[in-house]
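Let us walk through this structure step by step. Keep the sequence beside you as you read.

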Amino acid sequence: MYVLLVDACPRGEGVSRTLSLLHAFEAAFFKAHPEAKRRTLRLDALRLSPIGGEALSRREALIDAARWEDPLFAPAREFMEADGVVVAAPYWDLMFPAMLKVYIEHLFIRELTFCYRDDQPIGLCKPRRALFLTTAGSPVGANDFGARYLQAVFSMLGIPRFDCVRAEGLDIAGANVPEILEKAKAETERLAGNWQYIL
């Protein structure tokens, strides 16, 4: 079993509360499944660029030629070969940090990660399950556009199961931050423990 861990947390180690949820997943998951393999992507280190202009034209030419070995498609190939995907990103301007949207642009590759048949999109990716871990300083409620967007993205790419764990209201005066985070970590650990039974 191979799990892809996507770190889209700008604040990094020791500061990011969202990253603490990802670490909770890792600890619980690899304790329950020590044979599993992982790959962690730190999106800020990847320095992916938005696709436009000449890069867009080049990408379309490579797609038409089925040149899937080109480095431009490396993020998509890595994503589609995983058994499961975990994305950690904070609630950021009603969604998530821009680096995650840029990463997603690199995943939508016609005839590689998805295709159209009879005018209907069909996902071609291997992962059977995706988990989104997020935290927010304010109450989010129905405004979790990031989670809804990711669920739609993963569904189009062919991933049938999507879960979201969110710790919100962390910066509200009087909030019991340790309790909120521990509740989110407990749910994350629960999902990590039964992961293989849903794949």
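**The largest pocket**

Rolling a probe the size of a water molecule over the atoms shows where empty space is left. Here a 1 Å grid is laid over the protein atoms alone; a pocket is an open set of points where a 1.4 Å probe fits, with protein on both sides within 12 Å along at least five of seven lines, and a lining residue has an atom within 4 Å of a point. The volume of the largest pocket is about 170 Å³. That volume is the space filled by probe spheres set on the points, which are joined across faces, edges and corners. The lining divides into six nonpolar, four polar and three charged residues. Nonpolar covers Ala, Val, Leu, Ile, Met, Phe, Trp, Tyr, Cys and Pro; charged covers Asp, Glu, Lys and Arg; the others, Gly among them, are polar.

The model is predicted: local features need pLDDT of at least 70, side-chain atom pairs count only at pLDDT 80 or more, and totals for chains, interfaces and linings use all residues. Residues are numbered from 1 along each chain as its sequence is written, and side-chain values use heavy atoms, with hydrogens and water left out.

**Aromatic rings**

A pair of aromatic rings is described by the distance of the centres and the angle of the planes. Rings of Phe, Tyr and Trp (its six-membered ring) pair if their centres lie within 6.5 Å; planes under 30 degrees apart are stacked, over 60 edge-to-face, and the rest tilted. By this rule there are 10 aromatic pairs. Take Phe-25 and Phe-29: their ring centres are 5.3 Å apart and their planes at 15°, so this pair is stacked. Both lie in helix α1 (residues 17-32), four residues apart, which means about one helical turn separates them. Helices (H or I, at least four residues) and strands (E, at least two) are DSSP runs, numbered from the N terminus.

Phe-25 also pairs with Trp-195, this time edge-to-face, at 5.3 Å centre to centre and 75° between the planes. This pair links distant parts of the chain, 170 residues apart: Phe-25 is in α1, and Trp-195 is in the segment after α7 (177-193). Both Phe-25 and Trp-195 are buried. Buried means under 20% relative accessible area, exposed over 50%, and partly exposed in between (1.4 Å probe, protein chains only). Ring pairs join Phe-25, Phe-29, Phe-30 and Trp-195 into a cluster. Arg-38 lies over the face of Phe-30, 3.6 Å from the ring centre.

**Buried residues**

What is the relative accessible area of Leu-21? It is 0%, so Leu-21 is buried. Leaving aside neighbours within four places in sequence, its contacts (heavy atoms within 4.5 Å) include Leu-133, Val-165 and Leu-181.

Glu-78 sits in helix α4. Its relative accessibility is 17%, so Glu-78 counts as buried. Beyond four places in sequence, Glu-78 touches Tyr-2, Leu-4, Arg-39 and Leu-41.

Helix α5 (residues 98-105) has Leu-100, Val-102, Tyr-103 and Ile-104 buried. The buried residues of α5 pack against several elements, among them β1 (2-7), β2 (37-42) and α4 (74-80).

Methods
Lys NZ or Arg CZ within 6 Å of the ring centre and 35° of its normal.
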